[in-house]
Amino acid sequence: MKRTNRAALTAAALLSCTLAFSGCSLIDQVVPDQDGTSGEQAGADGQQPSGEDEASQDSNGDEAASDAGSSSSDAGTESADDGTAASDTGTSSADGGTSDSGSSGSDSGQSSGSQGEASIGKSFEDPEMQDKIEVLSAVRNFDSSKRATAIELGGEVVLLKVKITPGQKYSGLIQSGAFKISNDGGAEYRYDQTDGLKEEMRAAGYDPFEDVSRRDGGTHQGWIAYIPDEKKDTYTIRYERGAGKVMGTDEKVPEFTTTFDIPSA
C-alpha cells in the first residue's frame, strides 16, 4: 500500500512539473464548439483571455488544440476555421453572419487575362474578439510560373491584401485560413494557398500575410493568395471566426462571420 501511494504521489509531482515547464494551463481556455477543419490552412484563430498563462498562448496550437479535436491554434484553442462544414454550404447571406459586398458583378463572367489591382475598401470588426480588419485591395490574374498549369486550365491566381489590428480581450492567432474564397456565389468556400506562393509573391513585391498574434498588438498587413480552379468576374470571400467556450466556465463566445466580394480589375 505504501509503495502504491508513493508511486501515485511521484506521478502527480511529475505531471505538475510537466505542466509547469510546458506552460500548459487548463484554466480559462476557449475551445471551439465544433470540429471539421480541412484544406491547406487549418486553424485560423485561437481564443484565450489575454491575461492568462502566457506560455500556453505562444505555442502554435498543438497542445491545447488537441483538447478541441483541431489544430494550429496559438492560444490552445482554434476557432476561426473550426466547424466550417455546417457554414460552408448555402449562400453568404445564410451563413449566420453579416453579409456585405464590396462590389457587384456577374459570377458567370471572367476577368481579363492581364494582371491588375482592384480596390476593395471593406472594413469590419469582430465584436467579441475586438479585432479590426480592413480589406484593402486585390490583385487579379497574378502572374505565377508555379501555378502556370492551373492558369492554363482556366484557373487564376488571386491576391488579397488585408490589414489587421488585433483586439486585446483574448489572446491567440489570426491566420489567413480565416479568409476563405468561393467562386460559386457562396455554395462552397476554399482555403487560401499562400504558403505555396510566398517566394513568388515576395519576388513580385507582395509581402505574404503572416500569422497575427493578439499578444503583439499593433497593426499588421499582408497578401493572401488563392487559386480558384475556374476564373470568374467576381469572387466571394468569407471571414470566419468560429464559436468557442471558456474552459472551466459557462461563458460562450459566439461565432463571427462576414462576407465581401473581390471585384474584377
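These are my notebook entries on a predicted model of one protein chain.

**Entry 1. The chain as a whole**

I began with the secondary structure of the protein chain, which comes to 6 helices and 15 strands. I then looked up burial: of the 265 residues, 49% count as buried. The chain exposes about 11,900 Å², and carbon and sulfur atoms supply 48% of that area. For the contacts, I took residues at least 6 apart in sequence; among these contacts, 77% join residues at least 24 apart.

I next followed an open sheet of 4 strands, whose order is 4-5-6-11 with antiparallel pairing. Which strands lie at the edges of this sheet? I found strand 4 and strand 11 there, each pairing on one side only. With direction ignored, neighbouring strands of the sheet are turned by 20° against each other on average.

I went through the pairings in order:

- Strand 4 and strand 5 run antiparallel and are joined by 8 bridges. In this region I noted Glu-117, which stands opposite Val-139 of strand 5.
- Strand 5 pairs with strand 6 over 7 bridges, again in the antiparallel sense. Here Glu-134 has Lys-163 of strand 6 as its bridge partner.
- Strand 6 is joined to strand 11 by 7 bridges, and the two run antiparallel. I recorded Gly-222 in strand 11 as the bridge partner of Val-162.

**Entry 2. The nonpolar cores**

I turned to the largest nonpolar core, which has 23 residues. Which of its residues touch the most other members? I listed Phe-124, Leu-160, Phe-179, Ile-237, Tyr-239 and Ile-262. I then looked up which strands supply at least two residues each to this core: strand 4 (116-125), strand 5, strand 6 (158-165), strand 9 (179-182), strand 11 (220-226), strand 12 (235-241) and strand 15 (256-262). Strand 6 gives the most, with 4 residues.

I also found a second, separate core of 10 residues. Its members include Val-139, Phe-142, Leu-197 and Tyr-206.

**Entry 3. Tyr-239**

Tyr-239 is found in strand 12. Is this residue buried or exposed? I recorded Tyr-239 as buried, because its relative accessibility is 0% and the limit for burial is under 20%.

I then asked which residues Tyr-239 touches, not counting residues up to four places away in sequence. The contacts are Phe-124, Asp-131, Ile-133, Ile-174, Ala-178, Phe-179, Phe-256, Thr-257 and Thr-258. For Thr-258, I looked up the C-alpha separation from Tyr-239: the two atoms are 5.4 Å apart, although the residues are 19 apart along the chain.

**Entry 4. Asn-141**

My last entry concerns Asn-141, found in the loop between strand 5 (132-140) and helix 5 (148-152). I checked its burial: Asn-141 counts as buried because its relative accessibility is 9%, against a limit of under 20%. What lies 3.4 Å from a polar atom of the Asn-141 side chain? I found the backbone oxygen of Ser-114 at that distance.

Definitions and conventions:
Residues are numbered from 1 along each chain as its sequence is written. This is a predicted model: local features need pLDDT of at least 70, side-chain atom pairs count only at pLDDT 80 or more; totals for chains, interfaces and linings use all residues. Side-chain values use heavy atoms; hydrogens and water are left out. Buried means under 20% relative accessible area, exposed over 50%, partly exposed in between (1.4 Å probe, protein chains only). A polar contact is a pair of N or O atoms within 3.5 Å; within protein, one must be able to donate a hydrogen and the other to accept it, and residues adjacent in sequence count only if both atoms are side-chain atoms. A nonpolar core is a set of buried Ala, Val, Leu, Ile, Met, Phe, Trp, Tyr and Cys residues joined through side-chain atoms within 4.5 Å. Contact means heavy atoms within 4.5 Å. Accessible areas come from the Shrake-Rupley method with a 1.4 Å probe; for residues, only the protein chains shown count as cover. Two strands pair if DSSP finds at least two bridges between them. Axes are lines fitted to C-alpha atoms, for helices over the stretch in contact, and angles run from 0 to 180 degrees between N-to-C directions.
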